[in-house]
Amino acid sequence: MGAYDEKKETCGTICLKYLLFTFNFLFWLAGGAVMAVGVWTLVEKSDYISLLSSSIYAASAYILVIAGAIVMVTGILGCCATFKEQRRLLRVYFVLLLCIFLLEILAGVLAYIYYQQLNEELKQNLKETMVQRYQQPGEDRVTGAVDKLQQEFKCCGSNRSSDWQDSRWIRSSDSEGRVVPDSCCKTVTPLCGKRNHPSNIYLVEGGCISKLEKFILDHLRIIGAVGIGIACVQVVGMVFTCCLYRSLKAEPY
């Protein structure tokens, strides 16, 4: 009877080892995906971050990058701990899983919080940023972000093209008689911003605010879903780890 119980326990341990190894491999791939989402948000769309007064959007992406990197390292550690059957490594692995779990939940919560306050922030700050900082000394990043925003989303001004009448740059001689920046034009040519006719510039209902808000909301959904989704998967890994830890004999000291 004792031999049967020992054999049963060994089979159970072996099954747990392979389940945990499979989980770690998938977890390692997921870590790469999480890090890729964070890096893509920061690198490809970093221009728009300069148009936001809050750092929550960028913080959520940074957390995903950090969590993704730790996930990949943890996945390798988990494989080593599983096949070496070392309870100490399993303890370290469990703690790392817990830390990553908390980081990704934090990223998801931050994304959700910012999701709720984004519209109000854009209403309060985007117009001021565009009219006060566009084409001003030391504001090259904001200028480039505004031009990219208007061209990429085919919009002009924060709420409407007439917002540019309040621009420090448009009111100065540096604008050379433009009434809107050239990036408002459907076909960008030098000084095309002198003519704000609908046939020449983008006149979009809601201006660039509505376009930028939709863009960021879509990305916040991705950040939130990835963070919380992977965190939920980690619960399975922590359960497997606890089961394997309990099934292994205590290490001799």
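These legends describe close-up views of the disulfides and aromatic pairs in a predicted model. In this predicted model, local features need pLDDT of at least 70 and side-chain atom pairs count only at pLDDT 80 or more, while totals for chains, interfaces and linings use all residues. Residues are numbered from 1 along each chain as its sequence is written, and side-chain values use heavy atoms, with hydrogens and water left out.

**View 1. The disulfides and their pairing order.** A disulfide is taken here as a pair of cysteine sulfur atoms within 2.5 Å, and by this rule the count comes to three disulfides. When the bonded cysteines of the protein are numbered in sequence order, the pairing reads 1-6, 2-3, 4-5.

**View 2. The disulfide of Cys-155 and Cys-208.** Cys-155 is joined to Cys-208 with an S to S distance of 2.1 Å. The torsion about the S-S bond of Cys-155 and Cys-208 is about 100°, so this disulfide is right-handed. Cys-155 lies in the loop between helix H5 (140–152) and helix H6 (168–171), whereas Cys-208 lies in helix H7 (residues 207–247), so the pair ties together parts that are 53 residues apart in sequence. Helices are DSSP runs (H or I, at least four residues), numbered from the N terminus. Cys-155 and Cys-208 are both buried, where buried means under 20% relative accessible area, exposed means over 50% and partly exposed lies in between (1.4 Å probe, protein chains only).

**View 3. The disulfide of Cys-156 and Cys-184.** The sulfur atoms of Cys-156 and Cys-184 are 2.1 Å apart and form a disulfide. Its torsion about the S-S bond is about 85°, so the link of Cys-156 and Cys-184 is right-handed. Since Cys-156 is found in the loop between H5 and H6 and Cys-184 in the loop between H6 and H7, the pair ties together parts that are 28 residues apart in sequence. Cys-156 is buried, with a relative accessible area of 2%, and Cys-184, at 0% relative accessibility, also counts as buried.

View 4. Cys-185 and Cys-192 form a disulfide in which the sulfur atoms are 2.3 Å apart, and with 110° about the S-S bond the link is right-handed. Both Cys-185 and Cys-192 are buried, whereas Cys-99 has 42% relative accessibility and counts as partly exposed.

**View 5. The aromatic pair of Tyr-134 and Trp-164.** Rings of Phe, Tyr and Trp (its six-membered ring) pair if their centres lie within 6.5 Å, and planes under 30 degrees apart count as stacked, over 60 as edge-to-face and the rest as tilted. By this rule the count comes to three aromatic pairs. One of them is the edge-to-face pair of Tyr-134 and Trp-164, with 5.1 Å from centre to centre and 65° between the planes. This pair links distant parts of the chain, with Tyr-134 in the loop between helix H4 (87–133) and H5 and Trp-164 in the loop between H5 and H6, 30 residues apart. Tyr-134 is buried at a relative accessible area of 3%, and Trp-164 is buried at 1%.

**View 6. The aromatic pair of Tyr-134 and Trp-169.** The ring centres of Tyr-134 and Trp-169 are 5.4 Å apart and their planes stand at 70°, so the pair is edge-to-face. Tyr-134 lies in the loop between H4 and H5 and Trp-169 in helix H6, so the pair ties together parts that are 35 residues apart in sequence. Tyr-134 and Trp-169 are both buried, and ring pairs link Tyr-134, Trp-164 and Trp-169 into a cluster.

Methods
Helix = DSSP H or I, 4+ residues; strand = E, 2+ residues; numbered from the N terminus.
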